[in-house]
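Open the model in your viewer and keep the selection tool ready.

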Protein chains: 2
Amino acid sequence: MTMLRFALAQIDTCVGALAANADKTLEYAARAARGGAQVVVFPEMTLTGYPIEDLALRATFRKAAWQTANDLASRLAADGLGELFVIVGTIGTDRENGKPRNRLVVLHDGVVWAGYDKHFLPNYGVFDEFRIFSSGDRSVVLDVDGARLGMAICEDIWQEGGPVAALAEQNIDVLVTINGSPYEEGKTDTRLQLCRKRAAEVHAPVLYVNQVGGQDDLVFDGGSFAVDADGTLLERSPMFVEDLTFLDIDTKAGKQQVGSVVDVMDADQQVYTACVLGLKDYMVKNGFTGVCLGLSGGIDSALVAAMAADAIGGEHVQGISMPSMYSSSGSKDDAAQLAENLGAKYDVQAIEPLFNAFQNQLHLEGVSAENLQARIRGVIVMAYSNSDGLLALATGNKSELACGYSTIYGDAVGGYAPIKDLFKTKVWQLARWRNQALKNGIGIGGLPIVGNDAGSAGITPKSGEIIPNNSITKAPSAELRPGQKDSDSLPEYALLDQVLAAYIEHAEGRADLLADGFDEQTVDTVMRLVDRAEWKRRQYPLGPKVSALAFGRDRRLPVSDAFRE
Amino acid sequence: MTMLRFALAQIDTCVGALAANADKTLEYAARAARGGAQVVVFPEMTLTGYPIEDLALRATFRKAAWQTANDLASRLAADGLGELFVIVGTIGTDRENGKPRNRLVVLHDGVVWAGYDKHFLPNYGVFDEFRIFSSGDRSVVLDVDGARLGMAICEDIWQEGGPVAALAEQNIDVLVTINGSPYEEGKTDTRLQLCRKRAAEVHAPVLYVNQVGGQDDLVFDGGSFAVDADGTLLERSPMFVEDLTFLDIDTKAGKQQVGSVVDVMDADQQVYTACVLGLKDYMVKNGFTGVCLGLSGGIDSALVAAMAADAIGGEHVQGISMPSMYSSSGSKDDAAQLAENLGAKYDVQAIEPLFNAFQNQLHLEGVSAENLQARIRGVIVMAYSNSDGLLALATGNKSELACGYSTIYGDAVGGYAPIKDLFKTKVWQLARWRNQALKNGIGIGGLPIVGNDAGSAGITPKSGEIIPNNSITKAPSAELRPGQKDSDSLPEYALLDQVLAAYIEHAEGRADLLADGFDEQTVDTVMRLVDRAEWKRRQYPLGPKVSALAFGRDRRLPVSDAFRE
């Protein structure tokens, strides 16, 4: 029997924060050693953060990262952790052409061991790795007390052939993979099935350690795990929190003992938590401690406010009601009720005097006058942001963003847009889920989020709900003219969201959409709206990707584009 | 003697406009035939437009493009042009894996001849071709009446090896390259030297046909040319206009006769014209016929207004003076004079009443109050845009954009930003150049721009200058508080622009900048400003790339990024 104890260190790093990332690595390595681990495995590009994008092209960055890895190896040894095998990701340099490489290194005995370089460089969807890295060209096996550990980095296990195929011939005892795999709905199972396949291929257990945390428009969900050679799930770490879990592997045994396996989170909770974590980490990594946003009484701003309260505590949320002459009293009440439920700060800023002042000069009509109202609100939200150092939140959803059903520089202002990747029907679903979660005892601030220490866990709003039921059930309206309803301009959301999913997420064309059974008028309307709104989307704030295809770098289309099929 | 007459068809296409691009190809092919050409060469991805980005991933698009190529071949034959060899670019499909390919096809005798697929897929800078295409893997030689024409697409000639190296072994008579090479300063000479090298390599003349026109943030400058096997320049087409030039090549001769060689445009004129064409084509391709912008009396808005007048004629430019309590009378006069010089529409909208209305509610101070003024102006500019269907122009320059020295949703509003890639020092230089050009007889509307038929060529402003000299010579100020100067917050532009060029365009780090001799305080200030403004740049409008490294897809850096070295 040759027992090896692994520690899966699922940590949240920040791009470019070399010192802080190294400090955290040291801390987790010490905990791993205290727990008896011989090997501790960290996520892809641990020291540099991930994804680093064009920072890879800066020579001073590569040099500093190299120094960080060396310093960390020394510090580990100085702290008595030299015997531990510390597997971390960082940036390396191709010796032949000087290009950056996505590298795994092993810190041991005070030195940085020669590493393994990522072979397959993802360059689809949100990924641009072929842009910045050169490919590694050899597989690596690490010997730990006679046990043979094969190494792979993220995309290496998603493609056939390459290093995993090579390792399959090398009689390895464990396949260790370090990952920076962003969250999207349904990916937990995809990863598991993938690792089962690779385990069968290499005839050995597979360890999958994933990063956790928000990084701009990506949210890494952690959810690290291990499978046995026969596909049995041996370990699963929780999602959306930093974690250190141990797993014992007997490299001479044909079958391993099952360790700690956390239940998979409910799908709605996953998406909700991803949005909360995306926001939370954007704030932490950019130095914000509070947010401000317009509260219209509608469902979008209500959900965003609830997410913000879950991220940082209701007392750090500044809600601003900005009623116009067309705002219903119900909407104003709903906004106030929401703020009370959340324990948020709440101000009312009427826009009618401002609207009148502009109209004295501009005499706008129709949509221009509607946009004016929205833009006055944008100015007010940004005034709060500037005056109080608050992160302004844009509250647009994916349906709205798709169709351009928003006012640029109006309701679209902000530094972060937490629900930009949620279709409207999903917004309602998550609002209902959040209220239900409250009833099930998950209080605001009680969600399992990295570093969530600002919230007031367990607050139970007097009304027994977080998001006022009115906001969920009433017909959606921008309230920019009397009696206005979203359905005046758009198909009903239940239909719209289906067309949008097909057109955007599945890249279907007009003929495909018609073959799906959508009627011609709806298809033509939706395609026209989506295509014409591209320029607005380009100027929309960042927000977390939670679907298979989000707007932003996941979907790169020209603004000047005449194709209508 | 085997004489072949080539026509170099340097055309402006629009992404996705399959029918219009095919119509234009047919028109130029007919002209080529009338001029006696046997071979007419069009730019890269003629039929689809370029770059198509993720449109490549839509199956209906690939199918429609295929149909377009076939229809065009039939139409050519029907029009009696079947004997002509028409070399066009389009999208193809990899037979093995179904992936899109960047393809050259030859239309002849009513059919689409088997094509050549681009081998090297650029995936750096502004290019994302590895993302969307698979690589071609064979070289192609076209036989035209016994003459052997080798084929290459753009990046194929920029890399060593690959198809050109293969063609060097195949005894070709001419190397034909079709290109979508975006403009940047100095690239004309780089391309020429490159083609001289390839000509020597294949022992044959090289034809380089480049696309012309603006496509979102890229401007293609045309400037097609041909070099002889010994590097002699045989032909050069004009820059920034559509063009059809003929060139005779005797495939049995060791040396060719020199044809039409246009002089290279002055460097300042190149950059100025690139900005004008970028704007012009953005308007044409997105259905705009007029623009609006704030005229502050400062140099940035003055230069943008002049460019707009050059693009579409002064009468289609709506200038808006929006003085505040801090605007100097000189600034107001300069704005009015500029509008008069350009023949632009000109309105004055005082912002003080609006500012006071906001301040009655918000009581802002300091920078927040400054931003409020800028945002009120943004609301006004967008009101003109919405009411009159005008394209709003943002007037920020690259220095400002780099340092975040602008108000988001304020002066940063707009659908296009013509000078976003010009450092402030370059803005002054081009303003001086434009005034001088007027004296040299280049009137407004008289610039050689594609499809420029809206301008009033030859207008000579009464003042003898286009941009008021005051706007060029006065110290730059945002005029958002009494006596404010840009130099209160920023290093002097002459210094700032040098640091910015090193940090941004050359990806230098802190140590490099200090080694360059810049003082520590300046370096730290500039780096901090640039890094902190990334979130604002993400929301900035599109504008034409004219430098080696523009903001936008050319420079992809995280917002959440703690690296400060």
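At what angle do helix 10 and helix 11 of chain A pack? Select residues 352-362 for helix 10 of chain A and residues 366-388 for helix 11 of chain A: they pack at about 125°, with their axes 10 Å apart. Helix 10 of chain A is therefore oblique to helix 11 of chain A. (Under 35 degrees counts as roughly parallel, over 145 as roughly antiparallel, 65 to 115 as roughly perpendicular and the rest as oblique.) Now show the side chains of the contact (heavy atoms within 4.5 Å). Helix 10 of chain A brings Leu354(A), Phe355(A), Phe358(A) and Gln359(A). Helix 11 of chain A brings Ala369(A), Leu372(A), Gln373(A), Ile376(A) and Ile380(A). Seven of these contact residues are nonpolar, two are polar and none is charged.

A word on the ground rules. This is a predicted model, where local features need pLDDT of at least 70 and side-chain atom pairs need 80 or more, while totals for chains, interfaces and linings use all residues. Residues are numbered from 1 along each chain as written, chains are lettered from A and ligands numbered from 1 in the order written, and side-chain values use heavy atoms, without hydrogens and water.

Next, the aromatic pairs. Rings of Phe, Tyr and Trp (its six-membered ring) pair if their centres lie within 6.5 Å; planes under 30 degrees apart are stacked, over 60 edge-to-face and the rest tilted. The count over all chains is 21. Select Tyr124(A) and Phe127(A): the ring centres are 5.6 Å apart and the planes at 75°, so this pair is edge-to-face. Tyr124(A) is partly exposed, at 37% relative accessible area. Phe127(A) is buried, at 12%. (Buried means under 20%, exposed over 50%, partly exposed in between, with a 1.4 Å probe and protein chains only.)

Jump to chain B. Tyr50(B) and Phe220(B) are edge-to-face, 6.0 Å centre to centre and 65° between the planes. Tyr50(B) lies in the loop between strand 2 and helix 2 of chain B, and Phe220(B) in strand 11 of chain B, so the pair ties together parts 170 residues apart in sequence. Both Tyr50(B) and Phe220(B) are buried.

Stay in chain B and pick Thr522(B), in helix 17 (residues 520-532). Thr522(B) is buried, at 10% relative accessibility. What does Thr522(B) touch, not counting residues up to four places away in sequence? Look for Pro491(B), Leu495(B) and Val499(B).

Last stop: helix 16 of chain A, residues 493-505. Its buried residues include Tyr493(A), Leu496(A) and Asp497(A). Helix 13 and helix 18 of chain A are among the parts that cover the buried residues.

Terms used
Axes are lines fitted to C-alpha atoms, for helices over the stretch in contact, and angles run from 0 to 180 degrees between N-to-C directions. Helices (H or I, at least four residues) and strands (E, at least two) are DSSP runs, numbered from the N terminus. Ala, Val, Leu, Ile, Met, Phe, Trp, Tyr, Cys and Pro count as nonpolar, Asp, Glu, Lys and Arg as charged, and the others, Gly among them, as polar.
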